[in-house]
Amino acid sequence: MSDTAHPPDDQVPEDEDEDEFEPIQVFSEPTAMDLRPGADNCYKCSTCDTNCPVAEVDDEFPGPKFQGPEQWRLKRQDDTDIDDSIMKCSNCMRCDDACPSEVPLSQMHNTARGEYVDTHMSKRSIEYWRNRLLSNYRLMAHLGSKVPRLTNFVMGLRVTKLFNEKVLGITSEREFPEFATETFRQWWRTRGGARVTNPDKRIAYFHGCYSNYNTPEVGKALVRVFEHFGYEVLVPDQRCSGTPMYANGMLGDARRAAETNVPELAAAIDDGADVIASCTSCSMSLRQEYPELFDLENVETVSDNTWDALEYLRVHEDLENALEGTAVDHPDVAYHAPCHARNQGLDGQAVEVLSAIDGIDAHDVGDSCSGISGTYGWKDENYETSMAIGEEMFEHMLASEADTGLTECPTCSMQMEHGTGYSISHPLEILAEALVGDASEAGAA
């Protein structure tokens, strides 16, 4: 490239430069991320509204089209505020998947929700602190898991539930998830870390909060399955993926979590690993929401190298051959695909993979939303809406002649158990049982 400046256009008379057209500045220069071009791609077909589970059961909710492109068009006027109904959006992200024009609806919703909380929600209100408490579950879990049996006892008391409902607005209808007596990370340290060393097949496990504090058996199953296929498992330092924080407009908290996760995971990628998540909301966050919301170094690298666990094995291993002749002693299962699995095109994989195992009969219970959507269904004002959304899933589960539920999402599993009384498993637990045997036989506990 030449360092010489471009020559002047000698075909234009000098006196015409004085009449050069200068466009009038109609709208103020954006000071933050400008989503108006995406909003202009919306041609108001309303497909997003017809796929929104909240709009389906709540006639007062204006729907994702209004929450997204219409609000961003209105934001061209400086005096237009974010509508408070943005807090009723559950962040299921079904609208993203439904839109034929690829309008970045959930990005608009997350950004609008963050702006609403920053500018219109009182930082002294109970609602703000309730939402912040729920969205920072990792902090609560870290403290509660120090004395898990005592915490489980206290959180199960009727008086605790009444306090949470009357003072904080957290519904007393739900059972607080129990903390494990040993977290996944404690188990990992006691185990001595990875038992397979392989620089050519290496993964970094993003276990998230729930697998660490509440269901470490899911993380253990992942380790056993990947080591069965010869992978070296790394467990980097990490914080919450940020999913509950987006849903509550706490983008500052989510960014601080991302500022830990992105460099830790990027370092593992530099070390030859791919990032694997066992929760589809975590993989969704790392893949899509991080690059949409945060301008961080290596955020695209982490996005491009993050996988769901089952998805990764289907692509990189001959799962069909590996599962041939395997069997499990497991009751039939009613499988629910989480919304965030559907958004990543992963909704059919669990039933397809597990059907290759003798002794397991997986029934897909349809494409309805579970309704809980993370912290959404824990709020007292959303509980009835959450249960109304989940009604179709409950009916399909009970009609499926299955004995237990199956899903990859921790909060979907809470709703499935709450609505049907079924116990819930993760696909990785069944895969581990088929490939390696139960945990006690494998010496993994």
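V225 is buried, with a relative accessible area of 0%; buried here means under 20% relative accessible area, exposed means over 50%, and partly exposed is in between, with a 1.4 Å probe and protein chains only. I start with that residue and work outwards.

Before that, the conventions. This is a predicted model, in which local features need pLDDT of at least 70 and side-chain atom pairs count only at pLDDT 80 or more, while totals for chains, interfaces and linings use all residues. Residues are numbered from 1 along each chain as its sequence is written, and side-chain values use heavy atoms, with hydrogens and water left out.

The overall numbers are these. The protein has 25 helices and eight strands. Both are DSSP runs numbered from the N terminus, helices being H or I with at least four residues and strands being E with at least two. Of the 445 residues in the protein, 56% are buried. Among contacts between residues at least 6 apart in sequence, 77% join residues at least 24 apart, a contact being heavy atoms within 4.5 Å.

Back to V225, then. V225 lies in helix 13. What does V225 touch, not counting residues up to four places away in sequence? The list is L313, L428, L431, A432 and L435. V225 is also 7.2 Å from V436, C-alpha to C-alpha, although the two are 211 residues apart in sequence.

The axes of helix 13 and helix 18 (residues 309-316) come within 12 Å and cross at roughly 10°. Axes are lines fitted to C-alpha atoms, for helices over the stretch in contact, and angles run from 0 to 180 degrees between N-to-C directions. Helix 13 is therefore roughly parallel to helix 18; angles under 35 degrees count as roughly parallel, over 145 as roughly antiparallel, 65 to 115 as roughly perpendicular, and the rest as oblique. Helix 13 contributes L222, V225 and F226 to the contact, and helix 18 contributes A309, Y312 and L313. By class, that contact has six nonpolar, no polar and no charged residues. The classes are nonpolar for Ala, Val, Leu, Ile, Met, Phe, Trp, Tyr, Cys and Pro, charged for Asp, Glu, Lys and Arg, and polar for the others, Gly among them.

Helix 9 (residues 148-156) and helix 10 (residues 158-168) pack at an angle of about 65°, with axes 5 Å apart. These two helices are therefore roughly perpendicular to each other. V154, M155 and G156 in helix 9 meet R158, T160, K161 and N164 in helix 10. The residues of this contact divide into two nonpolar, three polar and two charged.

Now the salt bridges. The rule is a side-chain nitrogen of Lys or Arg within 4 Å of a carboxyl oxygen of Asp or Glu. How many salt bridges does this rule give? The count comes to 16.

R130 forms a salt bridge with E381, with the closest N and O atoms 2.8 Å apart. R130 lies in helix 7 (residues 126-135) and E381 in the loop between strand 6 (362-364) and helix 22 (383-399), so the pair ties together parts that are 251 residues apart in sequence. R130 is buried at 3% relative accessible area, whereas E381 is partly exposed at 47%.

The side chains of D237 and R185 meet at 3.3 Å, N to O. D237 is in the loop between strand 2 (232-234) and helix 14 (243-247), and R185 is in helix 11 (residues 184-191), so this pair ties together parts 52 residues apart in sequence. D237 is partly exposed at 46% relative accessibility, and R185 is buried at 19%.

E227 forms a salt bridge with R191, the closest N and O atoms being 2.8 Å apart. E227 in helix 13 (residues 216-228) and R191 in helix 11 are 36 residues apart. E227 is buried at 13% relative accessibility, and R191 is buried at 14%.

Separately, R132, D253 and R256 are linked in a network of salt bridges.

Four strands form an open sheet in the order 6-5-7-8, with parallel pairing; two strands pair if DSSP finds at least two bridges between them. Strand 6 and strand 8 (424-425) are the edge strands, each pairing on one side only. Strand 7 (residues 404-406) pairs with strand 8 in the parallel sense over two bridges. The bridge partner of L406 in strand 8 is S425.
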